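I'd like to walk you through one model today, so let me put it up on the screen.

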Amino acid sequence: MDFIARRITNIPPSGIRTYFDIARTMPEAINLSIGQPDFEVPEPIKRAAVEAIRANRNGYSASAGVPELREAIGAALTREFPDWRPTIMVTCGVSGGLTTALAACLDSGDEVLFGDPYFVSYPYLVRLLGGEPVPVPLDARFMPDPERFAAAITPRTKIILLNSPSNPTGVVYERARVQAVAELARARDLLLISDEIYNVLSYDEPVPSPVSFAPERTLLLRGFGKSYGVTGWRLGYAAGPAELIEQMVKVQQYTFVCAPHMAQVAGVEALRTNMSAQVAAYRNKRDLVVAELSGAFEFVRPSGGFYIFPRVPRGFPDANAFVETAIARKVIVIPGRVFSRQNDHFRLSYAVPDARLREGCRILAALSK
Ligand code: PMP
């Protein structure tokens, strides 16, 4: 098919989808590859979406989002960062925030630095939008090393993309590291994009944000999907410098047009919803996974999100071999190469009921013997 662009044929389909498809053919398997929470959407949020549809909030909204949601986001951000006055737009999930931001910033060949392991979309989305992805290895605790980031900067570097709590590691970056990277961005005049999609699902210390250290050059991206269990609603937001958000809104006008209108209205209710019970349940799942895998695997203890990224045990040549064996035992996890230039770890998602999770962990732990 001659009419398909090399820009897209050069990009492989998402490595996660492969495991999604395997999971579909194995309904009896314990699926620890899932990227969304297993809790019910709180009833008031569901009701708000239904009422919004009934109230005829079904047409286009302003591209930047409905005023009541932008105001609610602004109020929440002012409580969290009292001195910060960002411009806010509503996006189609965090993916929509990343897409509009990269489209607004990247000229052909501009470089974007991000830690390796990384969220699957980063390298391909950067490439799709004309940029050059530059994965920078994270340290042994999966924290960004400011010296490695500094060494990777070239005259073409425009953006450092941070993700904490992180997918696939579940690690929350230490305050001092975030501060050092923020100072590096300021010294080298780079934009910081902070993907904080898992900020609500945090189990130990509060999540440090570069907004606290370089508010003038941080684009904050957050989502409703993981926090409230509405991944299919495609709702998120971007907050940052007015001149950048203005260009992102322009991209949105010509692409997504707006985030789903009724979901935006329900988003106001979501921001009023206390998720502490769900967060506590996920903290317990984190503790359960850590307890079950301790001794069997080497791993960094996760503090947020719902993933853990253990090292493949000795005896397996690489993560593909380990994952194949796990799938033969009816437990689905994802090999590290999907998230990394390396292939010696695997990602386990603990967003499943506790009994299944325990059983899955025990089957995996037995493979390490
Ligand atoms: N960033 C990270 C780190 C993610 O894990 C995900 C979803 N798995 C996204 C962005 C995209 O999220 P959304 O569904 O809000 O587009």
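This is a predicted model: local features need pLDDT of at least 70, side-chain atom pairs count only at pLDDT 80 or more; totals for chains, interfaces and linings use all residues.

Okay, the ligand. Where does it sit? The ligand is in the largest pocket. Around the ligand you'll find Gly93, Val94, Ser95, Phe119, Asn163, Asn167, Asp195, Ile197, Tyr198, Lys226 and Arg234. If you sort that shell by class, you get four nonpolar, four polar and three charged residues. And which element gives the largest share of the shell? That's helix H5, residues 93-105, with three residues.

Take serine 95: an N or O atom in its side chain is 2.6 Å from an oxygen atom of the ligand. Arginine 234 also has a side-chain N or O atom that is 2.6 Å from a ligand oxygen. How much of the ligand does the protein bury? On its own the ligand exposes 400 Å², and the protein buries 91% of that.

Let's start with the largest cavity, which has a volume of about 60 Å³. It is lined by 13 residues, and the closest to its centre are Gly115, Pro117, Tyr122, Asn163 and Tyr173. S5 makes the largest contribution, with three residues. What about charge? In the lining of the largest cavity there are nine nonpolar residues, four polar ones and no charged ones.

Then there's the second largest cavity, at about 40 Å³. Its lining is made of Leu162, Ser164, Tyr173, Val178, Ser194, Glu196, Pro208, Ser209 and Pro210. Look for Tyr173 on the screen, by the way: that residue is in this lining, and it was also on the list for the centre of the largest cavity. By class, the second largest cavity has five nonpolar, three polar and one charged residues in its lining.

That's what I have, so over to you for questions.

Terms used. Residues are numbered from 1 along each chain as its sequence is written. Side-chain values use heavy atoms; hydrogens and water are left out. On a 1 Å grid over the protein atoms alone, a cavity is a set of points where a 1.4 Å probe fits but cannot get out, and a pocket is an open set with protein on both sides within 12 Å along at least five of seven lines; lining residues have an atom within 4 Å of a point. Grid points are joined across faces, edges and corners, and a volume is the space filled by probe spheres set on the points. Helices (H or I, at least four residues) and strands (E, at least two) are DSSP runs, numbered from the N terminus. Ala, Val, Leu, Ile, Met, Phe, Trp, Tyr, Cys and Pro count as nonpolar, Asp, Glu, Lys and Arg as charged, and the others, Gly among them, as polar. A residue is near a molecule or strand if one of its heavy atoms lies within 4 Å of it. A polar contact is a pair of N or O atoms within 3.5 Å; within protein, one must be able to donate a hydrogen and the other to accept it, and residues adjacent in sequence count only if both atoms are side-chain atoms. Accessible areas come from the Shrake-Rupley method with a 1.4 Å probe; for residues, only the protein chains shown count as cover. A molecule sits in a cavity or pocket if more than half of its atoms lie within 2 Å of its grid points.
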